Amino acid sequence: MIRRGAGHCPGYEVPPGCRVGSPGPVPAPRTALLPLRGATGVRAGTRHDGDVRLEPITWERLTGRLADRIAALEAVDGGPWLRVAVDGAPPARPGALADRLADALRVRGRPVLVVAADGFLRAASLRFEYGKQDPDAYYDLWHDTGALWREVFHPLDPGGDGRVLPDLRDPEADRSTRSERVRLPPGGVLLLHGPLLLGHWFPFDLSVHLRLSEGALERRSEEGERWTLPAFARYAREAAPEEAADVVVRADDPRHPAWNGSTG
């Protein structure tokens with residue numbers, strides 16, 4: 001239940017079918033999560049995780065295969081830019097994968113802009129209105145989704161100028177970063193990374209979810225961050241990121257990732 005009327009609907013634009021103060025519809029499962037099959041059935045070496053078949057892979061191979069897939073994509077809206085999410089709780093290190101993907105895409109000749117969702121946090125007076133360790137406030141209020149729509153996604157709409165604001169607020173100083181806009185050339189790729197990215201109707205052309213089990217998330221979270229655990233449990237229930245994402249990567253053991261091997 002969304003409390004305090006916060007909801008998931010962007011503050012400055014409400015997508016069709018979204019009611020302000022409501023969580024919106026849970027995304028339907030995608031065919032990208034169908035089991036991998038080879039000549040003799042499920043590929044050897046895969047692991048079953050719920051309804052998802054997971055194939056062990058190295059981070060290097062994973063990065064290369066994702067970069068190949070992104071480089072071959074066309075934007076769903078027909079525009080000249082791609083928008084890719086790397087979604088995951090902080091212990092899953094989504095920023096590290098986004099940086100690796102950026103390097104791999106540049107080698108493939110694609111301009112890339114990496115943007116951290118945490119660069120679009122709301123002012124402390126809003127984030128901490130219900131205390132500094134309120135899981136529902138973290139889920140509903142901390143990230144300025146309206147600013148992400150306005151400053152990051154809309155400039156990449158068809159007919160946009162491609163000039164993206166890379167960050168809005170310094171969370172440590174709690175003031176505007178006053179960063180200059182960065183022009184992403186046509187053919188470029190936006191890589192947005194951070195937690196709780198799915199379920200906001202953001203127009204991603206590809207979404208990657210770094211999954212941590214409840215136990216792994218608790219083990220790998222720093223002591224001072226464990227108060228956020230109920231927010232991620234709520235995210236799993238309400239946004240269903242493992243069903244909504246195009247690609248799911250299990251990162252419980254950072255040395256041995258596994259993924260659903262989706263080629264979409």
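This is a predicted model: local features need pLDDT of at least 70, side-chain atom pairs count only at pLDDT 80 or more; totals for chains, interfaces and linings use all residues.
I placed alanine 240 in the loop between α7 (229–238) and α8 (241–244). Its phi is near 45 degrees, a positive value in a residue other than glycine.

I next looked up arginine 93, where phi is also positive, near 55 degrees, in a residue other than glycine. Arginine 93 lies in the loop between β5 (82–88) and α2. With a relative accessibility of 55%, over the 50% cut-off, arginine 93 counts as exposed.

I then turned to helix packing. At what angle do helix α1 and helix α2 pack? I noted about 60 degrees between α1 (residues 59–71) and α2 (residues 94–107), with the axes 9 Å apart. That angle makes α1 oblique to α2. The crossing of α1 past α2 is right-handed. On the α1 side I listed Trp59, Thr63, Leu66, Ala67, Ile70 and Ala71 as making the contact, and on the α2 side Leu97, Arg100, Leu101, Ala104 and Leu105. By class, this contact has nine nonpolar residues, one polar and one charged.

Last, I examined the largest nonpolar core, which holds 67 residues. Those touching the most other members are Ile70, Leu101, Phe153, Val189, Leu191, Leu192 and Val249. I found that α2 supplies the largest share of this core, six residues. For leucine 192, leaving out residues up to four places away in sequence, I recorded contacts that include Val84, Val86, Val115, Leu148, Phe153 and Phe204.

Definitions and conventions: Residues are numbered from 1 along each chain as its sequence is written. Side-chain values use heavy atoms; hydrogens and water are left out. Axes are lines fitted to C-alpha atoms, for helices over the stretch in contact, and angles run from 0 to 180 degrees between N-to-C directions. Helices (H or I, at least four residues) and strands (E, at least two) are DSSP runs, numbered from the N terminus. Angles under 35 degrees count as roughly parallel, over 145 as roughly antiparallel, 65 to 115 as roughly perpendicular and the rest as oblique. A crossing is left-handed if the near helix is turned anticlockwise from the far one by less than a right angle, and right-handed if clockwise. Contact means heavy atoms within 4.5 Å. Ala, Val, Leu, Ile, Met, Phe, Trp, Tyr, Cys and Pro count as nonpolar, Asp, Glu, Lys and Arg as charged, and the others, Gly among them, as polar. A nonpolar core is a set of buried Ala, Val, Leu, Ile, Met, Phe, Trp, Tyr and Cys residues joined through side-chain atoms within 4.5 Å. Buried means under 20% relative accessible area, exposed over 50%, partly exposed in between (1.4 Å probe, protein chains only).
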